[in-house]
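Q: I am new to this structure and would like a close look at one part of it. Please start from the charged side chains that pair up, and follow them into their surroundings.

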Amino acid sequence: MSNQTKRSRNIVFLWVFLLFSVKTTAQTDFPVSTITSAPVQLNPAEVGSFDDKFRAHVYFKSQIARAINGGVKGTGISADYNMQDYNMGLGISVFSNSVNRSALRDFNLSLSYGYRLYLNDWSMFAFGVQGGFKQVGFNLNNLCFGSQFDPTYTGGCNPNNPPPDLYSDNKTSLDAAVGTYWKAFLGPAVLLKTGAAAYHLIPVRTDFLSDNTHLSPKYVFSAEVRYGGDPLHWIPSALYVTQSGQSYTEFGMTVEFRDDDKFASIGLFHRTPNVLIPTIGIGMDQLALNISIEYYTQNSFSQIFNVSLVYIPKF
């Protein structure tokens, strides 16, 4: 194969992959279907807002593994500390995502601060800020298309012997977010919580061919009601997310069975326009495990598998 032919092929791969990655990278934040087990990832105001001193959350995500080599992989960890005497919270969050053997990747590091204001005996208002940086990288040497029908097929690409003249770049930008929520106890067994958050308030560069394209702000609105029956807890919740003129709604119900400090949960969510999300969870003492599968009814190869682990030790 001539150098001119190789270069033409690589340019085609580059443009096809960048167009495809616009869809996949839009899903590279923390999975929103874990609203009941990972609220900090949806709103900085949740930092430190729990009935203990320390909390840690770990998650793993796998997406489109049958469509492209390696699919979309995401891992993340966050931890926050409740300064109860000052009604404040401090947190740190690190997560990374990669697409197609790290041909496209992003790394995120942020610090968070939250403050709680108790309005009366039954309601509370909180706000939070978050700051850090996002690095988005692209390396065409790792690009390798597979087959959803044959996982051993690599599309004619040999990842162990890539051409030497492929394109790579990195973009690093500051990132910032703010959030707020209101929580109220409507009787002895009913808890209502509503929140709003705005992410990417500082322009985040995302275009590898130009410095003039930036990630648009993302706005997240949430609502949750918890009915603490005995032994069942009913938790309907909803999300509305909008970014770059596109939006979706996610709503559903989680049911928890509780016995002292042990619980098991099952839930079902719907994300517009065509995603069903069954979830299951188990917990004991200060440890909780949540698993969800995002099933695309009109795009079967795009299923997303999420697993998260939350730890809240007692002091």
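A: What follows is a walk from the charged pairs to the strands and side chains around them.

This is a predicted model, in which local features need pLDDT of at least 70 and side-chain atom pairs count only at pLDDT 80 or more, while totals for chains, interfaces and linings use all residues. Residues are numbered from 1 along each chain as its sequence is written, and side-chain values use heavy atoms, with hydrogens and water left out.

Let us begin with confidence. The pLDDT, which is the predictor's confidence in each residue from 0 to 100, averages 76 over the protein chain, and 69% of the residues score at least 70. Helices (H or I, at least four residues) and strands (E, at least two) are DSSP runs, numbered from the N terminus. Over residues 1-31 the pLDDT stays under 50. Where pLDDT is low, the predicted coordinates should not be read in detail.

Now to the charges. Side chains of opposite charge can pair when their charged atoms come close. A salt bridge here is a side-chain nitrogen of Lys or Arg within 4 Å of a carboxyl oxygen of Asp or Glu, and the structure holds 8 of them. One joins D80 to R55, with the closest N and O atoms 2.8 Å apart. Because D80 sits in strand β2 (residues 72-83) and R55 in strand β1 (residues 54-63), this pair ties together parts that are 25 residues apart in sequence. Both D80 and R55 are buried, a word that means under 20% relative accessible area, with exposed over 50% and partly exposed in between (1.4 Å probe, protein chains only).

Another salt bridge links R258 and E256, whose closest N and O atoms are 2.9 Å apart. R258 is partly exposed at 29% relative accessibility, whereas E256, at 7%, is buried. These two residues also belong to a network of salt bridges with R226. K262 and D261 form a salt bridge as well, at 3.9 Å from N to O; K262 is partly exposed at 36%, and D261 is partly exposed at 35%.

A related case is E250, in strand β12 (residues 246-259). E250 is buried, with a relative accessible area of 2%, and its side chain makes a polar contact (N or O atoms within 3.5 Å, one able to donate a hydrogen and the other to accept it; residues adjacent in sequence count only if both atoms are side-chain atoms) with the side chain of R271, at 3.0 Å.

Two strands pair if DSSP finds at least two bridges between them. β1 and β16 pair in the antiparallel sense over 8 bridges, with S62 opposite F305 in β16. Strand β15 (residues 287-296) also pairs with β16 in the antiparallel sense, over 8 bridges, and there A288 has V310 as its bridge partner. In a regular strand the side chains alternate between the two faces of the sheet. For β16 (residues 304-311), I304, N306, S308 and V310 form the covered face, and F305, V307, L309 and Y311 the uncovered one.

Technical notes. Contact = heavy atoms within 4.5 Å.
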